[in-house]
Amino acid sequence: MVNEETPEERLKKYKEHLEKMAQSEGRDSKLTNPIKSEKEVVKREPPPQPAPIDASIGPRPKPPPSLESPAKRELRESQVVKKRRDALYAKLESKGGKNLIMLKAREKAIANQLQEIKNRKSMLERQYKRKTIDKRQYESRVKLLVTEGQDLLKEKVKIDKKLSN
């Protein structure tokens with residue numbers, strides 16, 4: 001073998017050569033790791049033990065929102081929609097119902113929400129047919145969808161009356 005030196009020895013020779021060249025040109029050495037004449041002795045100590053944390057100090061972290069059940073999410077969404085709908089309806093009442101554009105926009109939004117309810121019902125039917133949910137869950141969810149749909153239909157009738165005036 002031509003080079004019988006270890007990589008550490010070759011690196012040491014290379015750095016010495018670079019240092020000699022820098023000195024001959026009158027410049028400082030730019031080596032980030034200068035040559036070490038002897039190996040340093042590293043004392044190893046066990047890592048410091050962290051102080052025990054009292055569980056009652058801070059609030060418990062909440063699980064990520066993606067781990068909530070779909071049924072809870074649907075329930076919460078329907079409550080949010082109902083609050084928004086009530087707020088919008090109150091706002092329209094305060095204006096005397098003169099804003100036809102807002103009424104037409106609300107009517108279109110109700111139509112979209114009814115379509116979404118139909119889509120969710122068909123998804124529930126597929127889940128029930130595939131037996132991913134049982135009959136009790138299916139019936140309770142359909143019951144929620146029916147009540148939400150009836151509320152939307154009642155509101156649509158009110159808006160239709162105002163638009164016809």
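Me: Arg-106, buried or exposed?
Reply: Arg-106 is buried, at a relative accessible area of 8%. Buried means under 20% relative accessible area, exposed over 50%, and partly exposed in between, using a 1.4 Å probe and protein chains only. This is a predicted model, where local features need pLDDT of at least 70, side-chain atom pairs count only at pLDDT 80 or more, and totals for chains, interfaces and linings use all residues. Residues are numbered from 1 along each chain as its sequence is written, and side-chain values use heavy atoms, with hydrogens and water left out.

Me: Which residue forms a salt bridge with Arg-106?
Reply: Glu-155 does, with the closest N and O atoms 3.0 Å apart. A salt bridge is a side-chain nitrogen of Lys or Arg within 4 Å of a carboxyl oxygen of Asp or Glu. Glu-155 lies in helix 4 and Arg-106 in helix 3, so the pair ties together parts 49 residues apart in sequence. Helices (H or I, at least four residues) and strands (E, at least two) are DSSP runs, numbered from the N terminus.

Me: And Glu-155, buried or exposed?
Reply: Glu-155 counts as buried, at 7% relative accessibility.

Me: How many salt bridges does the count come to?
Reply: Six salt bridges by that rule. One of them joins Lys-13 and Glu-5, whose closest N and O atoms are 2.4 Å apart. Lys-13 is partly exposed at 48% relative accessible area, and Glu-5 is partly exposed at 24%. Arg-136 and Asp-134 also meet in a salt bridge, at 3.9 Å from N to O. Salt bridges with shared partners join Glu-116, Arg-120 and Glu-148 into one network.

Me: Change of topic. What is in the largest nonpolar core?
Reply: It has 11 residues: Leu-103, Ile-110, Leu-114, Ile-117, Leu-124, Ile-133, Tyr-138, Val-142, Leu-145, Leu-152 and Ile-159. A nonpolar core here is a set of buried Ala, Val, Leu, Ile, Met, Phe, Trp, Tyr and Cys residues joined through side-chain atoms within 4.5 Å.

Me: What does Leu-124 touch, leaving out residues up to four places away in sequence?
Reply: Leu-124 touches Ile-133, Tyr-138, Arg-141, Val-142 and Leu-145. Contact means heavy atoms within 4.5 Å.

Me: Which residues are buried in helix 3?
Reply: Leu-103, Arg-106, Ile-110, Gln-113, Leu-114, Ile-117, Arg-120 and Leu-124.

Me: What about the length of helix 3?
Reply: Its 30 residues should span 44 Å at 1.5 Å a residue, and the end C-alpha atoms are 44 Å apart, which agrees. The expected span is 1.5 Å times one less than the number of residues.

Me: How many aromatic pairs does the structure hold?
Reply: It holds one. Tyr-128 and Tyr-138 are stacked, 4.8 Å centre to centre with 20° between the planes. Tyr-128 is in helix 3 and Tyr-138 in helix 4, so the pair ties together parts 10 residues apart in sequence. Rings of Phe, Tyr and Trp (its six-membered ring) pair if their centres lie within 6.5 Å; planes under 30 degrees apart count as stacked, over 60 as edge-to-face and the rest as tilted. Tyr-138 is buried at 17% relative accessibility, whereas Tyr-128 is partly exposed at 31%.

Me: Where does Lys-131 lie?
Reply: In the loop between helix 3 and helix 4. Lys-131 has a positive phi of about 65° although it is not a glycine. Lys-131 is exposed, at 72% relative accessibility.

Me: How many helices and strands are in the chain?
Reply: Four helices and zero strands.

Me: Last one. Where is confidence lowest and where highest?
Reply: Lowest in helix 2 (residues 70–94), with a mean of 70, and highest in helix 4 (residues 135–164), at 91. The chain averages a pLDDT of 78, and 69% of the residues score at least 70. pLDDT is the predictor's confidence in each residue, from 0 to 100. Where pLDDT is low, the predicted coordinates should not be read in detail.
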